[in-house]
Amino acid sequence: MENENNAGEPEITGASRRAFLKQSSALAAFALTPPGAVHAVEKGLDEKVAVAFEQQPLRVEINGVAQQLSVEPRVTLLDLLREQLNLTGTKKGCDHGQCGACTVHVDGQRVNSCLTLALTTEGSKVTTIEGLGSVDKLHPMQEAFIKHDGFQCGYCTPGQIMSAVACINEGHANSPDEVREYMSGNICRCGAYANIVEAIMEVKSKGGRI
C-alpha cells in the first residue's frame with residue numbers, strides 16, 4: 001500500500017518496498033549475468049521444447065510384448081532399451097559398435113544396438129537377453145555358458161550369448177574356427193574365448209536352430 005506523506009507525495013510501505021527491492025535485485029543479477037550463461041539457459045529451454053516436438057511414435061515388439069512408444073529420432077535402440085524400458089541386460093560397452101556387448105536380435109538378425117536408431121525398428125521384433133530365457137527356464141546357450149564357464153566378469157556375456165545364438169541360426173558354427181571367425185565381433189576382455197567356443201559347439205552338436 002502507498003500512503004501520502006506531508007508533502008503530498010506517495011510513500012512506499014514495507015510490503016511494496018520489499019517487492020521493489022526484489023525486482024531491483026533480479027534486474028541487477030540479470031544485467032550482471034555473462035551473455036554465455038544467458039544463452040545457455042535459452043538453449044536449454046529451446047532443447048526442452050525441441051524434445052517435446054521431436055518425439056516420434058514407435059510400434060515395436062520387444063521380447064514378445066507389443067510396445068507403443070514415443071522416442072526422439074536420435075535415440076539409439078540401446079538407449080531406448082536401457083533408459084526407457086529398463087532392460088539393462090543389454091550392456092553399453094564401447095558405444096561405437098566395436099565390442100559387441102550391446103548385441104540384440106532384430107527380426108532374428110543380430111545387430112549392434114548402439115549403432116541402431118530406435119525408429120528403424122518400427123514394426124520389428126526385438127529380442128534381448130531378458131527375452132531369451134528366464135531364471136526358471138534358461139536358454140540352452142545360457143546353460144552351456146554356465147557349464148563351460150564361458151564368462152568371468154560377465155559384462156560382455158549377454159552380447160556373447162545373443163551372438164552365439166545367431167551364429168548357430170545363421171549356419172556359421174560348423175567348426176571351432178568358423179565360430180571364432182563369426183564371433184570375432186564380440187570382445188571378451190577376460191579372455192574366456194576358448195570356453196565360449198566350447199559352449200557354442202556343444203549347443204550346435206544338438207542340431208537345429210535354437
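**Pockets and sheet**

Mentor: In this predicted model, the lining of the second largest pocket divides into 8 nonpolar, 1 polar and 1 charged residues.

Trainee: How many charged residues has the lining of the largest pocket?

Mentor: The largest pocket holds about 190 Å³ of space, and its lining includes Ile-129, Leu-138, Phe-145 and Ile-161. Helices α5 (140–147) and α6 (157–169) each supply at least two of the lining residues. By class, 8 are nonpolar and 4 polar, and the number of charged residues is none.

Trainee: Which strands are the edge strands of the sheet?

Mentor: The sheet is open, with mixed pairing, and its 5 strands run in the order β4-β3-β7-β5-β6. An edge strand pairs on one side only, and this holds for β4 (65–71) and β6 (109–112).

Trainee: What is the bridge partner of Glu-61 in β7?

Mentor: Strand β3 (residues 56–62) pairs with strand β7 (residues 125–127) in the parallel sense, over 2 bridges. In β7, the partner of Glu-61 is Lys-125.

Trainee: What angle does the direction of α6 make with that of β5?

Mentor: Helix α6, which also contributes to the lining of the largest pocket, packs on the sheet. There α6 touches β5, β6 and β7, and its direction makes with that of β5 an angle of about 40°.

Note on methods: Residues are numbered from 1 along each chain as its sequence is written. This is a predicted model: local features need pLDDT of at least 70, side-chain atom pairs count only at pLDDT 80 or more; totals for chains, interfaces and linings use all residues. Side-chain values use heavy atoms; hydrogens and water are left out. On a 1 Å grid over the protein atoms alone, a cavity is a set of points where a 1.4 Å probe fits but cannot get out, and a pocket is an open set with protein on both sides within 12 Å along at least five of seven lines; lining residues have an atom within 4 Å of a point. Grid points are joined across faces, edges and corners, and a volume is the space filled by probe spheres set on the points. Helices (H or I, at least four residues) and strands (E, at least two) are DSSP runs, numbered from the N terminus. Ala, Val, Leu, Ile, Met, Phe, Trp, Tyr, Cys and Pro count as nonpolar, Asp, Glu, Lys and Arg as charged, and the others, Gly among them, as polar. Two strands pair if DSSP finds at least two bridges between them. Contact means heavy atoms within 4.5 Å. Axes are lines fitted to C-alpha atoms, for helices over the stretch in contact, and angles run from 0 to 180 degrees between N-to-C directions.
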